[in-house]
Amino acid sequence: MQKHMLIILNNKNYSIILINGRYNKYDFCLGCEKVMMFDTNNMNKDHLDFFQELENIGAGHAATALSVMMDREITLCVPRAQFCEYGEITSIMRGPENVVVGLLVGISDDVNGFILLVLDLADARMLANTVLGEPEDKPNEDTDFNEMQESALREVANILIGSYITAISTLTGLRINASVPELVVDMAGAIMNLLPAAYGEYGDHVLFLETKFEDQAQCIYGHFFLIPDVESYKYIMEKMGIA
Amino acid sequence: MATHTIGIADKIVSKAPDKLVTLGLGSCVGLVIYDPYKKVGGLVHIMLPTAPTNAPVTNKFKFADTAIEEMIRLVLQAGAARNQLKAKVVGGAHMFNNSYQTDVMGIGNRNVDVCQRVLKEHRIPIAAQDTGGSSGRSIEFSCEDNTLQIRTVSPKSVRLI
């Protein structure tokens, strides 16, 4: 049976790693066609620890960048790992119909894939207004952002994803380039379709790592997904000497 | 009347007056196969176009090709007549417009293509279709009058096909 790996890491509140293969009693292989296979049959605690650590460092850098930008201290809690099914990915986002903001960045060079940052609508609005120095909007169901707000959110994504990539790049010595973020406001289910669509061919489970970012006053919920292709995964693991 | 809601890579078969629902279709496809006279309908939430040939298929309802075959079998089992079967196809949106990663990004189109091809092979006419675009969709199929309600949030809209 073929195996591949995929990580989905998320920033604000949670982090997900998708890996395909077998770990303990879980059959959680996910797929990707026409790429080199990474054998995850002998996936062990070290590998999981490695991805947790990678996530920790990446998210830590992103938290620092966010702190500087928002001019308030933001802390990061240690992630917790658990397995979940595809359907549960959207329940993390409070149901498939919950409207969220998805910011997608393509990555290339030594690692190819994409990074998806998902923010709750209200949090995205709050974040945009904080960056723009505007008074808080009343909470509303409106899915439209004005041009300035969209631009502010793209910039937030740039900074978060940029610091995230820098962390991973520094740790692994791999070169990673990021594209300009693309912003989509839609149902969580529709946006998160990207994940199983990319890697859902072979498996039904994802490994889900929780990360929590908090400041004293409020919690901004966001989700950071790093989705490299399978070959890039193998490369990361090799580079770190744990393949 | 009951409303049955299914998740990703899931299916449901029921009869009038029940309603079949799935939420947040992005690149995924919501496919209904029904018999308008017997009022039997089945809904499946398809994720990917074709099942892998080099690995075991753990869930047939994940892939368009295998899902359609299974769904035909299930609606017939539930009392539908083979020569009366019709289909409705919804979803397959292109959520992100990036040119990179075309394989992954074009998955919506491929999902719809495979659905159309496989339905044609099985000689099941597509009574209505609402596919592509860049909006997520939630759908509700009525086994009673065979209407399919489509809701989007961005932009906000409700329509029947």
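**Close-up views of a predicted two-chain model**

Of the 243 residues in chain A, 53% are buried. Please keep in mind, as you browse these views, that the model is predicted.

**View 1. Chain A, an overview of its elements and contacts.** Chain A holds 7 helices and 10 strands. If you take the contacts in chain A between residues at least 6 apart in sequence, 77% of them join residues at least 24 apart.

**View 2. Helices α3 and α4 of chain A meet.** Two packed helices are described by the angle between their axes and the distance between the axes. Here, the axes of α3(A) (residues 121-132) and α4(A) come within 9 Å and cross at roughly 95°. Since angles of 65 to 115 degrees count as roughly perpendicular, that is the label for α3(A) relative to α4(A). On the α3(A) side, the contact is made by A124(A), L127(A), A128(A), V131(A) and L132(A). Facing them from α4(A) are M148(A), Q149(A), A152(A), L153(A), E155(A) and V156(A).

**View 3. The largest nonpolar core and V29(B).** This core has 87 residues, and V29(B), L31(B), I33(B) and C115(B) are those with the most contacts inside it. Helix α4 of chain A (residues 147-172) gives the most to the core, with 10 residues. In soluble globular proteins, nonpolar side chains tend to be buried together. Which residues does V29(B) touch, leaving aside those up to four places away in sequence? They are I46(B), A64(B), V89(B), V90(B), G91(B), G92(B), N111(B), V112(B) and C115(B).

**View 4. An open sheet of 5 strands in chain B.** The strands follow the order β2-β5-β4-β6-β7, with mixed pairing.

**View 5. Strands β6 and β7 of chain B, side by side.** Strand β6(B) (residues 86-91) is joined to β7(B) by 5 bridges, and the two run parallel. Look for G91(B), which stands opposite T131(B) in β7(B).

**View 6. Helices on the chain B sheet.** Helix α1(B) (residues 64-77) packs on the sheet, where it touches β2, β4 (29-35) and β5 (40-46) of chain B. The direction of α1(B) makes about 160° with that of β5(B). Helix α3(B) (residues 107-121) lies across β4, β5, β6 and β7 of chain B and runs at about 20° to β4(B).

Note on methods: Residues are numbered from 1 along each chain as its sequence is written. Chains are lettered from A and ligands numbered from 1 in the order in which they are written. This is a predicted model: local features need pLDDT of at least 70, side-chain atom pairs count only at pLDDT 80 or more; totals for chains, interfaces and linings use all residues. A nonpolar core is a set of buried Ala, Val, Leu, Ile, Met, Phe, Trp, Tyr and Cys residues joined through C-beta atoms within 7 Å. A residue is buried if 20 or more other C-beta atoms lie within 10 Å of its own, exposed if 12 or fewer, and partly exposed in between; C-beta atoms are placed from the backbone. Helices (H or I, at least four residues) and strands (E, at least two) are DSSP runs, numbered from the N terminus. Two residues are in contact if their C-beta atoms, placed from the backbone, lie within 7 Å. Two strands pair if DSSP finds at least two bridges between them. Axes are lines fitted to C-alpha atoms, for helices over the stretch in contact, and angles run from 0 to 180 degrees between N-to-C directions. Angles under 35 degrees count as roughly parallel, over 145 as roughly antiparallel, 65 to 115 as roughly perpendicular and the rest as oblique.
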